[in-house]
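Here is a short note to read beside the structure. Please keep the model open and find each residue as it comes up.

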Amino acid sequence: MAPKGKGRNEDLKQEDVLQAVVIADSFNVRFGPVTRDKPRALLPLVNVPLLDYTLEALATSGVQEVFVVCCHLGDQVRGHIRQSKWQDCGSPMAVTAVMSDSCLSMGDALREIDSKALIRTDFILIMGDIVANMDIGQVVKEHKARTQGKDKSSVMTLVFRVAQPGHRARTKEENMFLIEQGDTGRLLYFKKTKDDSRKIAVPMDILMEHDDIIVHNDLMDCHISVCSPSVPTLFTDNFDYQTRDDFVKGILIDEEIMGNKIHINIVRDKFAARVSNMQTYDAISKDVICRWTLPYVPDIYGSGSGERVKYGPHNVYCSKDVTLARGCELKRDVVVGSGTRVGSGTDISRCVIGKNCHIGDNVTLHNSYLWDNVRVEDNCEVDTALLCSGVSVLSNVVLKRGVILAWNVVVGPNVTIAQGTQLMSEPQRDEFDDNDLSFGDDDAQQLQSVKEKQGENEEETEAESYGAQSKAFLFKPYVDSDDEDEAAVIECQWGKSASDSEERNSYESESESEEEEEDSEGEAMGDFDADSEEEEDVVDSALGFSPKACMMRRNTDFYQELVDTIVRGHTEKITDDNLILEINSLKHAYTVPIDEVIASLPCAMFEMGASLNNAKVTADSKLFVLFKKNVERYAPLLSKYIKNAETQLVAINGLGDFVIRNSELRPKLPQLINFLYDADVLSEGSILSWFNSNRFQPGSNDALRHEFLKKLVQPLVKWLQEAEEESSEEDDDDDDDE
Amino acid sequence: MANTGDCCAIIMAAGSGSRMTDLTNQCPKALLPVGRFPMIWYPIRSLEKAGFSDIVIITRKSWEKQMHSILSDKSVPILARLEIVSIPDSEDLGTADSLRRVAPKVKTTALVVSCDLISDCDLTDFMSVHRKHNSSITVMLSQLPTSIVAETLVPGFKSKQKNAASEKISIGFESNNEDHILFWRSQIDMDSEYLSLSKRFLDRFPCTRIQSKWTDCHVYMINKFVIEYLINRSDINSLQGELLPQVVKKQMSTLVKDKSHEEADMTTTEEADMTSADADNKPEKRKDLIDYVAGCEFDLTREANFLSLTSSNFGASPDSPQKDLIRCYAYRQTAGFCVRANTIAAYFEACKQIPRLMLQFLDNKSKGTMPPVPESTSIKPKSQVGADCLLGENVEIGEKVSIKKSVIGRHCKIDDKVKITNSIIMDHVTILESSNISNCIICDSAKIGDKCELNSCIVGQKQSISTMSKHANEALSSVTQMMEVALE
């Protein structure tokens, strides 16, 4: 290599140094048990750690200074970097590990970078699990040209690769939809789409404001971006930016205020992809084997240690010292690492096998990934599985599709492992201890023993189901807040290939039927109706209308705080005036409209009674008594807010929403209104005018809701009308409240 | 002469010119003079150049005679045989209705041209786009000349007009086959807050370029099966507003019924169930456009399409539909002049451009006989007529007259010291001494008194403008005419 050491780099002008930030953590658990012991960036892909692909891509793009942010199991990453060739004195690129164990998201990592003031110029932001042969330097040049030219406000250039819908490397969770400005490549709209949404709503403004836009559903995020030096600062300023998507969204929303813009760059003829889950791991491995990633293919780049890999027909790559027994067959797309022995009668296709593995006789390996030191004994069948380093599969074991065996698991002999099973060699610890890796040995042992005691029986049965000599414990996929069920996680991990085919067929036929449906209605594709159905807009069968759609929008935080305030006011005996001040300040704090305060107040009064009694909101008569008392007590306060006909209507509607939410109270709505009437908070006139109002479109949701409430209030109104008639018969000097 | 095949050329000349009532309340739009000829001559000429020898003209009953007499006038050089078909005046019939009337004349394809198309582009290019893609319906799009797009001062209006802004259309093109139209939506219809795109559409056409800079020239090539569909759909009134968006949408539809007949072995059981369930409401389905296409598409063509590797979504999942039986394409004209003279602004622009373009419209024979200033014109000394002007026959021009960037009709009398700039003067107009006319349209037989100052005005037919009057930005027509406009 050229004598371009670190010392030389420092002589250069600081702006000329091309910097890159590598995030060596995925901040998710898509790899299940595998990434518990090794960070994703160090997982081998076709026998080379992912991080090495990423760093190599940066080096060939002309990057001179790299900061690798290490979070989860950061020590391992740092160790790997220390031993890498980048630490040699002739290295063209300086790689520095930035340790930050506390980071929980990419946002945190960038804030860390910002606080250390490492960035001086436009830099590349890249995940540590990217395989790419594209020239990122070109994107940097384009970005620089933009920022120095007419578009100074461009803060980020995102790199996307063309991948048509249905592309095998496109995963459900990464599906996205974006709109680019036709001639400039400026990003106008960005949305992640889940597969189940049948329509995408695009703000009409984009169409009206821009004469030339390109709508993309054919792109895949490469997780490579070129950032202006202001990006880390922006992350620091906006502490709610957790991911890059948050950032992109934030920039697009605040575009008019901040004036920052984002551009995109589309890679068409080069390779760049991120290993984000098992599906992409599978797809990208195949891409490497099929040489899409040239020069990063096993025979050229494969083993950094300099050992030779022979590239044979049908994409079969064998290291020099592989021992193949007579009668074994390497069909196609196979990579075998050095020191591996394959027994006779064994059939291997579309597999990657690591170093020093031992494959027995009459084994069938298909579409599977075996890392180093894996032992598969005689007569096993493995289909679409991931076997981490040190795994032993004893004889006569069948691994069904989608099995993942984490580090050092032993299964068998004579068992069949069900589809999609994930096993690890230690019992699963509590989720919350997962990130806490620093606990001492004592703790660990203690924990272990506790666990063992607890689940002894369970483990025994587990052990049996995985074979007599097994060392395997079931890993239960961590279901995160996205509400993904297990099936979805499995699907995410292995993609469509592993999820059962029946499901897929049903999906197909479903889509067919949709087509026909739409065709027969004469409103085929690209139909752009204004009101796209929202998920929550579901008709409640008990009510006959969809409650969410017609209820006044409300801020639950505000509501809770309001209830708490009133309860506190009551217990601490705060005067009404001060209570009003507090409520008003709440209104400002949560920036809710005055109508919401008015609508919430009577409900809050009721909930106050409940919470003073430590009871839930039920139709308990005790609560009604309390409500009556409170209403009488706070009538002056309520009247401050509910003062004229208009606000009284709002209050009644608020109560209406309240009973819709709490179905038990529905029959009691007349009482609730009556109490307020008795306390002179509501007037007879406004109750009647509310009852008789017909400002809603017949048949609309609002109208249905109104009908529903009317039915509930019917008795009260009847009584009121009768009383009114009586009183008008008697005398007419009653002043009208309005 | 280019081969026009079985294509039937139709000119739509029944439009009332509702966007330019100041001019059309006396004269059908198609017969408004543009340069030396009526407007309809230009599309006829374009079709002739493309090789058509028979042209069908659809007009209103009441205009039929006038149209006949004007088009058979020897001063208007027309080679093609014209067949004038009239439709009743009473109903307000749209372009689709007009087309329905002449549908029996269409054998395989119809080339529909609007009478207000003034363009020097070659229609053969347009027709070859249609043939190349075996398109169901092909549209000619062009970019408006910048002089119209920009806010210009249009005669007869107080304020500057935002021209054609409301008529903008958002058109989506497939990004790797930019002739292919995927999306068609007039911006007037887009009053909702969100545009919702269906997943099916996005999966089938993952990359769409939506542009709003194109104007529809109202030149369509329409396949026979679409016209058959049109015959059965009497609710469709206009080609641009209704038929075209519908056909664009229908590109997504797939032919299911046919599949159950011929590709039963390829369909899965679920699909078979679907189709049998579908058979029950067959009569309803029969009406759809996709069913009309079935008769026209050859099995081999379909097979070839299905097997083709060059199909746009190569590499996409096998469940993405491949049956694009309905296809909409566009011919996007980028060079040359093209305008639809359907607004005053566009009409004005077309008239001003015509002196420059005239030579391209004339055939070789008549080129020599059409000098910009005919011999029958008498010009007295010391008058100046700019080279960018076009004068009609028998025009009398007095002394010290100055005419610049203007078109003057036949039998006009222009007295001494008159100044005319940037204006359109129609036939039999008399302009008395020392008047100054700029940026105006003056209709037939108008009389302008002496020393008048007219700026950005429209002077209606047979109007007399009294001596010494000054007008700016006005439409000057009589009260009765105004009433008519109001009644319309």
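1. Start with Glu582(A). Leaving aside residues up to four places away in sequence, Glu582(A) touches Thr565(A), Arg568(A) and Ile574(A), where contact means heavy atoms within 4.5 Å. Glu582(A) sits in helix 18 of chain A, residues 576–589. Helices (H or I, at least four residues) and strands (E, at least two) are DSSP runs, numbered from the N terminus. The C-alpha atoms of Glu582(A) and Leu562(A) are 9.1 Å apart, and the two residues are 20 residues apart along the chain. Glu582(A) counts as partly exposed, because its relative accessibility is 25%. Buried means under 20% relative accessible area, exposed over 50%, and partly exposed in between (1.4 Å probe, protein chains only).

2. A word on conventions. This is a predicted model, in which local features need pLDDT of at least 70 and side-chain atom pairs count only at pLDDT 80 or more, while totals for chains, interfaces and linings use all residues. Residues are numbered from 1 along each chain as its sequence is written, chains are lettered from A and ligands numbered from 1 in the order in which they are written, and side-chain values use heavy atoms, with hydrogens and water left out.

3. Chain A as a whole. Chain A has 24 helices and 36 strands. Of its 738 residues, 54% are buried. Take the contacts in chain A between residues at least 6 apart in sequence: 59% of them join residues at least 24 apart. The accessible surface of chain A is about 33900 Å², and carbon and sulfur atoms account for 46% of it. Such areas come from the Shrake-Rupley method with a 1.4 Å probe; for residues, only the protein chains shown count as cover.

4. Helix 22 of chain A. How many of the 10 residues in helix 22 (residues 669–678) of chain A are buried? The count is 7, and the helix is mostly covered. The buried residues in helix 22 of chain A include Leu669(A), Leu672(A), Ile673(A), Phe675(A) and Leu676(A). Just after this helix, Asp680(A) has a positive phi of about 60 degrees.

5. Chain B as a whole. Chain B contains 17 helices and 33 strands. Buried residues are 56% of its 488 residues. Of the contacts in chain B with a separation of 6 or more, 57% are between residues 24 or more positions apart. Chain B exposes about 21200 Å², with 50% supplied by carbon and sulfur atoms.

6. Lys29(B). Is Lys29(B) buried or exposed? Lys29(B) is buried, because its relative accessible area is 7%. It lies in the loop between helix 1 (21–24) and strand 2 (33–34) of chain B. Not counting residues up to four places away in sequence, Lys29(B) has contacts that include Gly15(B), Met39(B), Cys115(B), Asp116(B) and Asn342(B).

7. Charged patches. Lys382(B), Lys400(B), Lys417(B) and Lys451(B) form a patch of positive charge on the surface. Patches are made of residues with over 30% relative accessible area and no salt bridge: like charges are joined within 9 Å, nonpolar side chains (Val, Leu, Ile, Met, Phe, Trp, Tyr) within 5 Å. A salt bridge is a side-chain nitrogen of Lys or Arg within 4 Å of a carboxyl oxygen of Asp or Glu. Lys417(B) is in the loop between strand 22 (413–414) and strand 23 (419–421) of chain B. A negative surface patch consists of Asp205(A), Glu209(A), Glu256(A) and Glu193(B). Glu256(A) belongs to helix 9 of chain A, residues 255–258, and counts as exposed at 77% relative accessibility.

Terms used: Lys, Arg positive; Asp, Glu negative; His and termini not counted. Charge placed at Lys NZ, Arg CZ, Asp CG, Glu CD.
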